[in-house]
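Hi,

Here is the structure I promised to pass on. Have a look at it first, and then read on for what turned up.

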Amino acid sequence: METRSSAWAREAAPKVAASGFSAWMGEVWAVFVKDLRSELRTKYALNAIVMFAVVTLTAVSFAVGQFRVSTDILAALFWIVIFFAAMSGLGRVFIKEEEAGTVAALRLAASPSVVYAGKLLFNVVLLALLEAVVVPLFIFLMGLSVANWLLFLAILVLGSLGLAGATTIIAAIIAKAAAKGELFAVLSFPILLPLLVTAMGGTRLALGETMGLGGGEVRLLISYAVVMIVASFMLFDFVWSE
Amino acid sequence: MSENTSKALKIALLVGQGLILVGAYLWVPPHEGLGNLGRIAIFHIPTAWVATVAFLVAMFYGIQYLRTRRLDNDLRSAASAELGLLFTILATITGTIFGRFTWGLQSGIWWNWDPRETAIFVLLLIYGAYFALRSAVADEERRASLSAVYSILAFVTVPFLIFVIPRVMFSLHPENALAGEGATAGILRNPRTMIIFLASLVSTTGIYIWTYSLRLRLGQLERRLLET
């Protein structure tokens, strides 16, 4: 009798024994689609992450009231909301495998780098969906006005890549620990600090009041994302394998 | 480290640290700008230095564990991290005191998030997170590999911190302790201060090495007891 997990394992394995990068990408896509599908079924992480952002933003908007918030604070607030929403939503990518009992099946079906890349892609998409909600809300509720959209979007995309890159492996680390939720935020914050500081600075430049092109910030975000993702690829096997 | 070496080191450190303490207050002249407050640099900077070294050692042994899978390497990593945490707390406290009674005297401000303060605080957070992780994992080998991975990840972000933070915030920290403008400049310019400072650096590192060897021996004995 074919159980659900073995049926899934069969589907996730590459259908054709192709070789090279495209086969690898195919496997990564399969892991990503599996995660996406199960997420769309329950919408657990999506709800958590979006509702958290909405609630935080509403609370801040109430508190600020009539007063106009300066762009420095707005930039910082923006990334704080994204950071905490990410802490509430991105940590579960590996925990749900543990809870569903599909860890062994996933280990058999795909190599560690494939699993990591698939989960990373999933987290990036989750963050993108979050930001698609948060940015309009900021414009609507907090009066965000962006002077330099190109810089703003560049910081957003690169910052999200770095955020997802750093947190995915930490999510794998905490999946095997106790006190998972709190531990995720505790472990992620020191690692993410350079990213947050740079993203806040770059967003502040993009909002227009301070002078600056933001090239330094963009370069730092690119290097941060690259370094964290490469380090994660190299270290993931030690976390994932027994 | 053998028991005799440990004992010899202990006595040498006792004498040396005693001489440094006396020298720092009686032999070293007060700094022109800061007066007697400048003496704290002799004690503060070595603790920050040891805190960083301890982190590097912890990460090194973490890598060794991942390569060899010998739990002794994990023990070394944890021992160094414990001491690193202690020295980081010392560095943060002495640095805060330094800041409060120099630049913070008028404003009464204790903490200012200038680059070096932020960096030492982040080191504190990293150590805290490291121990939070260790206490949350029950299985010994998994704990060892997860802590090793985390220490490597944390290490990888440190260069970013060093380059990012100074550009974002204005620094109250004495940028170049040997030359420059301002009251905090030239803390180490006087040759006597430099001698005592270097001696303090060596002595504090010696304290770290000695305490580390003790902690390591303790941990190894504990493990051997548990095995029987």
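Let me start with the place where the two chains meet. Across the interface of chain A and chain B, the rule finds zero salt bridges. The elements that give two or more residues to the side of chain A that touches chain B are α8 (149-174), α9 (180-206) and α10 (215-240) of chain A. On that side of chain A, the residues divide into 22 nonpolar, three polar and two charged. Please keep in mind that this is a predicted model.

How much area do chain A and chain B bury between them? The figure is about 2,400 Å², with 83% of it on carbon and sulfur atoms. Chain A brings 27 residues to the contact, and chain B brings 25 residues. As for polar contact, one residue pair is found across the interface of chain A and chain B, with both residues at pLDDT 80 or more.

Salt bridges do turn up elsewhere: a search of the whole structure gives 13 of them over all chains. One is in chain A, where the side chains of Glu39(A) and Lys96(A) meet at 3.9 Å, N to O. This pair links distant parts of the chain, since Glu39(A) sits in helix α2 (residues 21-42) of chain A and Lys96(A) in helix α5 (residues 92-100) of chain A, 57 residues apart. Are these two residues buried or exposed? Glu39(A) and Lys96(A) are both buried.

Another salt bridge in chain A joins the side chains of Asp72(A) and Arg204(A), at 4.0 Å from N to O. Asp72(A) belongs to helix α4 (residues 71-89) of chain A and Arg204(A) to helix α9 of chain A, so the pair ties together parts that are 132 residues apart in sequence. Asp72(A) has a relative accessible area of 39%, so it is partly exposed. Arg204(A), with a relative accessible area of 25%, is partly exposed too.

Chain B has a salt bridge between Asp74(B) and Arg134(B), whose closest N and O atoms are 3.0 Å apart. Here the pair ties together parts that are 60 residues apart in sequence, because Asp74(B) lies in helix α3 (residues 71-101) of chain B and Arg134(B) in helix α5 (residues 115-136) of chain B. Asp74(B) and Arg134(B) are both buried. Back in chain A, salt bridges that share partners join Lys34(A), Asp35(A), Glu39(A), Lys96(A), Glu97(A) and Lys119(A) into one network.

Do take a look at Glu131(A), which is found in helix α7 (residues 112-141) of chain A. Glu131(A) is buried yet has no salt bridge, and the nearest side chain of opposite charge, that of Lys96(A), is 18 Å away. What does the side chain of Glu131(A) make a polar contact with? The partner is the side chain of Ser160(A), at 2.6 Å. Leaving aside neighbours within four places in sequence, Glu131(A) is in contact with Ile82(A), Pro136(A), Leu156(A) and Ser160(A).

Now for chain B as a whole. Its secondary structure comes to seven helices and zero strands. Of the 228 residues in chain B, 46% are buried. Among contacts in chain B between residues at least 6 apart in sequence, 74% join residues at least 24 apart.

Leu123(B) has 9% relative accessibility, so it counts as buried. With neighbours within four places in sequence left aside, Leu123(B) is in contact with Ala51(B), Thr52(B), Phe55(B) and Thr88(B). The C-alpha atoms of Leu123(B) and Ala48(B) are separated by 10.0 Å, and these residues are 75 apart along the chain.

Last, a word on the backbone. Most residues other than glycine have a negative phi. Lys43(A), which is not a glycine, has a positive phi of about 55°. Lys43(A) is placed in the loop between α2 and α3 (44-64) of chain A, and at 37% relative accessibility Lys43(A) counts as partly exposed. In chain B, Arg69(B) also has a positive phi, near 60°. Arg69(B) lies in the loop between α2 (40-68) and α3 of chain B, and its relative accessibility of 41% counts as partly exposed.

Key:
Residues numbered from 1 in each chain as written. Chains lettered and ligands numbered in written order. Predicted model: local features only at pLDDT ≥ 70, side-chain atom pairs only at ≥ 80, totals over all residues. Heavy atoms only, no water. Contact = heavy atoms within 4.5 Å. Buried area = accessible area lost by both parts, 1.4 Å probe. Polar contact = N/O pair within 3.5 Å; in protein donor to acceptor, adjacent residues only side chain to side chain. Helix = DSSP H or I, 4+ residues; strand = E, 2+ residues; numbered from the N terminus. Nonpolar A, V, L, I, M, F, W, Y, C, P; charged D, E, K, R; others polar. Buried < 20%, exposed > 50% of the residue type's maximum accessible area, 1.4 Å probe, protein only. Lys, Arg positive; Asp, Glu negative; His and termini not counted.
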